[in-house]
There are 2 protein chains.
Amino acid sequence: MPDFYSRTGKMALGSRLRRLSDRITDEAAAIYQLYGNDFQPRWFPVFYVLSEQDGRTITEIASEIGHSHVSVSQIVKDLARNGYLEERAVSGDRRKNHVFLSELGRATAVRLQEQFRDVNDALEAAMAETSYNLWGAIAEWEHLLERKPLLRRVQELKKARESAEVQVVDYQPEYAAAFRALNEEWISKYFRMEAADYAALDHPDEKILQPGGHIFVALYGGEAVGVCALLKHTDGTWELAKMAVSPKAQGKNIGWLLGRRVIEKARELGATALFLESNTMLKPAVNLYYKLGFRKITGRPSPYERSNIQMELEL
Amino acid sequence: MPDFYSRTGKMALGSRLRRLSDRITDEAAAIYQLYGNDFQPRWFPVFYVLSEQDGRTITEIASEIGHSHVSVSQIVKDLARNGYLEERAVSGDRRKNHVFLSELGRATAVRLQEQFRDVNDALEAAMAETSYNLWGAIAEWEHLLERKPLLRRVQELKKARESAEVQVVDYQPEYAAAFRALNEEWISKYFRMEAADYAALDHPDEKILQPGGHIFVALYGGEAVGVCALLKHTDGTWELAKMAVSPKAQGKNIGWLLGRRVIEKARELGATALFLESNTMLKPAVNLYYKLGFRKITGRPSPYERSNIQMELEL
DNA sequence: GCTACTTTCGTAAGCCCTTACATAAAACCT
DNA sequence: AGGTTTTATGTAAGGGCTTACGAAAGTAGC
């Protein structure tokens, strides 16, 4: 496997780390033997914690060393079978399994000191030969992943990349079917289609565009995957409505792109405020509206049964 | 597990690496899912190699990615079951299992490209946040362990440390028993005690010291663990003999320390050459003599049956 | 004082690698 | 050609961790 990992790029990080760890664990086993200690590397974290302080419970040890309680339970059983530990119920709480070093365990802890010192020194010496600090790097990565998991990092990157590939264009008659289908999809999934829906979706030209409104379509890979309308009401107010994004295309920022475009258009047309109606059941949607700057208002009459929240954005 | 690893020192390197690798693998699985790819992280190395070049055999792939052939065999079976691969016997050699990407596999390889690019970018970006280079450090450690395994590093350190604790002292009557026992131990293990042995071991004072010879004793932890004699023969020649080291105390450089001391003493006493007799069966001993500077000679009469090699060092 | 939730821990099973062993085909060696 | 060694691969089992699940003890709300 000469330069395999240099070709894979960073993708194989997990696999590579595992190989390194397996290898080091194998060596550790041989080292225990060299020192005449009948001791398995996997026991080390548990044993070490107990040699610092006796009498802890399974769960305490597990959280201390970052293993599952099951793993600790198995290791403790192993160590006890080998005579290094004794398990006792101590306090009032009889669920708890308090673990103590036995005489043999205590003696072994002392004998292992010497070995630990040598291994530590050997590793420090090896580390001095390297120009990159493995120890520091591991600590940094643990912290890094703690702060923001890899998954989220990739997710954000993907979203940014894909959102850059989304195009928001003006409505054309060819998008009539998509406009209807995308809206019907979510409306009938969560609610049921109402009269006002049929009116707008079946006759967008007559009900939305001719009164002075606009419709925008989000394209991804040539396909219409999101739509949103800007409605002009007879009283001169403007409404953001009929926003719909295909579930297939979620996570590409499409809602945000459509929302921004509608707001921009409303400003262009001289609107001073933009309102919308939604339902608190649709949490991601309501969240998006907040992010776009909308704030909750009350008291506007609504033609929709499903509306239980109204929001407004001042322009 | 707040600062656990900072307390253990480097001893827990293996365990810590494993945790990190498990974690990253878990994240990788989630990332495959995010991209809608029904794909397991463990498949990656095999799949990657095959997407570079089809039709390789199990063993080829294994050596390329550094897994056992068994692991590759299992992964290939999994991938084939999921329809990504096809196994075929191709050439004349019917033992070989040539593995090819299926149509689905080829399509998946293309789809995965995008994901790999994002993951790579995310990792590069994360890496840019760190001050220590994990990637570089891993590569360095792989190379470091390749060159000299951890075990050997520790072994050398242990030897150096323990050898520093070994004291070589002049013979005293209290060491008579040790002198006899240590020699009898190896002689009767590999050969059988001869008349000349009994003479020297039972009466060291009369047979070795009074004629002008010396005996040195290596002490470790207060115990006599090695002995070696410098004999003065009636013809004025000097011999290194009766070297014995306790098996319990091997790997502490004791033979070398005793040999050096005998040579030093011989020089002090004005000897111009030092010879010894041994048996080629005792490879570590003969090796040691070479390291001390002795070279093979022939033709000297010997009182010992077991002698089949004679060596000499000019002073 | 009863019921429902929470905590602690263990067993069973699974995952991903390994080693040990088995089998068949090929290669090598008189 | 016949026997031995090497090579290619697979199966079974094990090692070290995990998750899923369950039992028992403790805690809390009425």
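DNA strand D is surrounded by 22 residues, the closest being Arg42(A), Ser71(A), Thr57(B), Thr59(B) and Ser73(B). The model is predicted. Chains A and B also touch each other, with 66 residues from chain B and 66 residues from chain A in the contact.

**Surface near DNA strand D**
- Chain A gives two or more residues to this surface through helix 5 (69–81).
- By class, the surface has 11 polar, 7 charged and 4 nonpolar residues.

**Contact between chains A and B**
- The contact takes 66 residues from each of chain A and chain B.
- On the chain B side, the elements giving two or more residues are helix 1 (4–8), helix 2 (13–34), helix 3 (44–52), helix 4 (58–65), helix 6 (103–129), helix 7 (134–147) and helix 8 (150–164).
- Helix 2 of chain B supplies the largest share of that side, 17 residues.
- The chain B side divides into 36 nonpolar, 16 charged and 14 polar residues.

**Helix 3 against helix 4 in chain B**
- The axes of these two helices of chain B come within 10 Å and cross at roughly 110°.
- Angles of 65 to 115 degrees count as roughly perpendicular, so helix 3 of chain B is roughly perpendicular to helix 4 of chain B.
- The crossing of helix 3 past helix 4 of chain B is right-handed.
- Helix 3 of chain B makes the contact with Pro45(B), Val46(B) and Val49(B).
- Helix 4 of chain B contributes Ile61(B), Glu64(B) and Ile65(B).
- The residues of this helix 3–helix 4 contact are 5 nonpolar and 1 charged, with no polar ones.

Conventions: Residues are numbered from 1 along each chain as its sequence is written. Chains are lettered from A and ligands numbered from 1 in the order in which they are written. This is a predicted model: local features need pLDDT of at least 70, side-chain atom pairs count only at pLDDT 80 or more; totals for chains, interfaces and linings use all residues. Two residues are in contact if their C-beta atoms, placed from the backbone, lie within 7 Å. Helices (H or I, at least four residues) and strands (E, at least two) are DSSP runs, numbered from the N terminus. Ala, Val, Leu, Ile, Met, Phe, Trp, Tyr, Cys and Pro count as nonpolar, Asp, Glu, Lys and Arg as charged, and the others, Gly among them, as polar. A residue is near a molecule or strand if its C-beta atom, placed from the backbone, lies within 6 Å of it. Axes are lines fitted to C-alpha atoms, for helices over the stretch in contact, and angles run from 0 to 180 degrees between N-to-C directions. Angles under 35 degrees count as roughly parallel, over 145 as roughly antiparallel, 65 to 115 as roughly perpendicular and the rest as oblique. A crossing is left-handed if the near helix is turned anticlockwise from the far one by less than a right angle, and right-handed if clockwise.
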